[in-house]
Amino acid sequence: MGRVVVGIAANESLDAGENLHHLSITYTPSGYVKAVQQAGGLPMVMPIDSADMAKEYVSRIDKLILAGGQDVSPHYYKQTQSVQGSYLEKRDQFELALMDEALKQGKPVFAVCRGMQLMNVFFGGDLKQELHSYTEIAHMQNPIPKEQPAHGLVTKETSILRSIYGEQAEVNSFHNQGVNRVASEFKEAALCPDGLVEAIENKTRRLLGVQWHPDFAFTTQPKEMEVFDYVVNAL
């Protein structure tokens, strides 16, 4: 039997900067790729495409990762845009279609940061468009190094994350928005001490979302590599 093929939904930039001659690029942060490889999986980066191509992409993979990146357009959770966010609607459209196909084809999904927010929105949940008025914790940790934990994490006793992180841990944080109302399809899997939802899961459908970035820290924080081991080999 071959390696587990893990599809990683890619991002897109219109300008890659001077070193790459300002080209438009399709990309994914290398942490996803390297962590999947280290866990024994075969990563496949999937570029943004039209929604009607999602079925074919998902048919070629065993599991799906929805990665971090831009904010999810408020259009998809029936709110009016109230903040100056960073949006890429064609990415929203394609990844929502990937999510739909993963469910139809019975493929597990691991969603990180923006990915978790999108997964919650797919099932009818919504988001807080900004966090500074809800909490004193800085959920965008720059300039703290990306692999360094920035705030606490409290896992739910029934969550798979309890066996990885224990009851309490610390994680990094790189987001300006967050889950507000959790879709009925999910159970909360972990919280920040300020009450913000940090993870959601549906064990039956094999769906797991985390708000932090294990892809930033898997080489220095062993628990973050354990998450990828779980995703590749058990989810």
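Student: Where in the chain does T28 lie?

Tutor: T28 falls in the loop between β3 (25–27) and α1 (30–38). Bear in mind that this is a predicted model, where local features need pLDDT of at least 70, side-chain atom pairs count only at pLDDT 80 or more, and totals for chains, interfaces and linings use all residues. Residues are numbered from 1 along each chain as its sequence is written, and side-chain values use heavy atoms, with hydrogens and water left out.

Student: Is T28 buried or exposed?

Tutor: Go by relative accessible area: under 20% is buried, over 50% exposed, and in between partly exposed (1.4 Å probe, protein chains only). T28 has 16%, so it's buried.

Student: And what does T28 touch, once neighbours within four places in sequence are left aside?

Tutor: A contact is a pair of heavy atoms within 4.5 Å. On that basis T28 meets I8, A9, V33 and V45.

Student: Let me try another loop residue. Where is G125?

Tutor: Look between α4 and β7 (127–128), in the loop there. G125 is buried as well, at 2% relative accessibility. Skip residues up to four places away in sequence, and its contacts are Y77, N120, R181 and A183. For a sense of distance, P47 is 78 residues from G125 in sequence, and their C-alpha atoms are 26 Å apart.

Student: How many residues are in the largest nonpolar core?

Tutor: A core like this is a set of buried Ala, Val, Leu, Ile, Met, Phe, Trp, Tyr and Cys residues joined through side-chain atoms within 4.5 Å. The largest one here has 35 residues, with L64, L66, L98, M99, V109, M119 and L207 making the most contacts inside it.

Student: Which elements supply at least two residues each?

Tutor: The strands are β1 (5–9), β5 (63–66), β6 (109–112) and β12 (197–202), and the helices are α2 (54–59), α3 (89–104) and α4 (114–122). The largest share, seven residues, is from α3. For a close-up, take L66: beyond four places in sequence, its contacts are A9, E95, M99, V109, F110, A111, V112, G115 and L118. There's also a second, separate core of 30 residues, F110, Y165, A190 and V227 among them.

Student: How many aromatic pairs are there?

Tutor: A pair of aromatic rings is described by the distance of the centres and the angle of the planes. Rings of Phe, Tyr and Trp (its six-membered ring) pair when their centres lie within 6.5 Å; under 30 degrees between planes is stacked, over 60 edge-to-face, and the rest tilted. That gives seven pairs here. In one of them, the ring centres of Y57 and F94 are 5.5 Å apart with planes at 75°, so it's edge-to-face. Y57 sits in helix α2 and F94 in helix α3, so the pair ties together parts 37 residues apart in sequence. Y57 is buried at 17%, and F94 is buried at 1%.

Student: What about F174 and F216?

Tutor: Their centres are 5.2 Å apart and their planes at 80°, so that pair is edge-to-face too. It links distant parts of the chain, 42 residues apart: F174 in the loop between β9 (168–171) and β10 (178–179), and F216 in helix α6. F174 is buried at 13%, while F216 is partly exposed at 22%.

Student: Which residues form an aromatic cluster?

Tutor: F110, F218 and F228 make up one.

Terms used
Helix = DSSP H or I, 4+ residues; strand = E, 2+ residues; numbered from the N terminus.
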